[in-house]
Amino acid sequence: MDTRPRVIYLPDTMTNWPWPRAMNPHFEVVKAEVDASFREFKALSAESQEAFDKDDSEHLRIACEFINVVIIVDEYTDVENAAVAEAMADIVIDALNNPHKTRPEGECILGKIVQQFWARTIQTASLSFQRHFLYSYTAYLRAVVVEALDISDYIKLRRDTCGTKPAIAINEIGMDLPDEVFYHPIIVGLVECIAELMLIDNDMISYNREQATGSENHNLITILMVELGLDRSGAMAWAARYHTEVEKRFTDGLAKVPSWGRSTDVLVKQYLDGMATWARANHCWSYESQRYFGTKGPEIQRTRLVPLLPKVNCKAASAAEKIPFNGSDQPGWH
């Protein structure tokens, strides 16, 4: 008989984060436009679409569309085996690199969704952003099919699979951020700090839903319970402590950022503030979007108490049929 507590306590990891919650003044208008255009794809089941809906203005639109892209790619790849997920990743990467190519008939809808997103994006995005986004998002897509082995291995992998790096790249969509800044070790280290903060928060907050549906293996809390022999409460506490350590690593790293000259330094500060705000935004969105807690998000954010969901027989519809395969079980493009 399982005697473990039936309530999960979620530590408040962002209490001391200096960057506050803020809302873009164009959000409501842009969100309505993006949601309407996204529904036209009919890429989600009626149930998933219902849950999804409970979730300068042109660049905000692109950011909103990218969040939609992340969610839909997750919806498709999360329920598939590694071979199918890799084939889907190949479709998305091809769509990004060929924004004006006619997509093959019968191809997974991800190709069309991502291609249209990227074709719109490159109309107003700087060339440096385009390079950096393709680099970051390709790394994310390649990482989603890799299996982690231990805690450090998992955290390193999850920096890419949580989707933070391409999201951070959105901050530079209207700026010409030099490659020497983007790839500088200190800047890369700061990006990885934000990725870790976001993956910790995401895995803590999503754990309840994932353990209920049997998809919790790619989750920091599960890894900690297995590797360190902790119970749920102990794993949550460990994650919260590590979150605090990463926060300090980020703020300490800010003091080490070099100067590239006045005009570039202005862009760097904007870029760094933007990524720090992403960490706050991710935390707020997780409670406010209804993705993880339905309508109880604000209450759970206040009480920190989450009733443990019962295990369910989750029969997610496979999207494998949307990708043609040949007799050798390898992707066969038509």
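Reader: At what angle do helix α10 and helix α12 pack, and how far apart are their axes?

Author: Before the answer, a word on what you are looking at: this is a predicted model, in which local features need pLDDT of at least 70 and side-chain atom pairs count only at pLDDT 80 or more, while totals for chains, interfaces and linings use all residues. Residues are numbered from 1 along each chain as its sequence is written, and side-chain values use heavy atoms, with hydrogens and water left out. Helices (H or I, at least four residues) and strands (E, at least two) are DSSP runs, numbered from the N terminus. Axes are lines fitted to C-alpha atoms, for helices over the stretch in contact, and the angles between N-to-C directions run from 0 to 180 degrees. In this structure, helix α10 (residues 185-213) and helix α12 (residues 232-254) pack at about 160°, and their axes are 9 Å apart.

Reader: Which word describes the direction of α10 and α12 relative to each other?

Author: Angles under 35 degrees count as roughly parallel, over 145 as roughly antiparallel, 65 to 115 as roughly perpendicular, and the rest as oblique. By that scale α10 and α12 are roughly antiparallel to each other. Handedness is a separate matter: a crossing is left-handed if the near helix is turned anticlockwise from the far one by less than a right angle, and right-handed if clockwise. The crossing in which α10 passes α12 is left-handed.

Reader: How many helices and strands does the protein chain have, and what percentage of its residues count as buried?

Author: The protein chain has 14 helices and two strands. A residue is called buried under 20% relative accessible area, exposed over 50%, and partly exposed in between (1.4 Å probe, protein chains only). Of the 334 residues in the protein chain, 49% count as buried. Accessible areas come from the Shrake-Rupley method with a 1.4 Å probe, and for residues only the protein chains shown count as cover. The accessible surface of the protein chain comes to about 16600 Å², with 53% of that belonging to carbon and sulfur atoms.

Reader: Is Met275 buried or exposed?

Author: Met275, which lies in helix α13, is buried, with a relative accessible area of 0%.

Reader: Which residues are linked in a network of salt bridges?

Author: The network of salt bridges links Arg159, Asp160, Lys165, Glu192, Glu196 and Arg249. Within this group, Arg159 forms a salt bridge with Glu192, where the closest N and O atoms are 3.3 Å apart. Arg159 lies in helix α7 (residues 151-161) and Glu192 in helix α10, so the pair ties together parts that are 33 residues apart in sequence. Arg159 counts as buried at 18% relative accessibility, whereas Glu192 is partly exposed at 23%. Lys165 forms a salt bridge with Asp160, the closest N and O atoms being 3.2 Å apart, and both of these residues are buried.

Reader: Which residues form a nonpolar patch on the surface?

Author: Patches are made of residues with over 30% relative accessible area and no salt bridge, where like charges are joined within 9 Å and nonpolar side chains (Val, Leu, Ile, Met, Phe, Trp, Tyr) within 5 Å. Here the nonpolar patch is formed by Val7, Tyr9 and Leu305, which together have about 280 Å² of accessible area. Val7 sits in strand β1 (residues 7-9) and is partly exposed, with a relative accessible area of 41%.

Reader: Where does Arg304 lie, and what is its phi?

Author: Arg304 lies in the loop between α14 and β2 (305-307), and its phi is near 70°, a positive value in a residue other than glycine. Arg304 is buried, with a relative accessible area of 7%.

Methods. A salt bridge is a side-chain nitrogen of Lys or Arg within 4 Å of a carboxyl oxygen of Asp or Glu.
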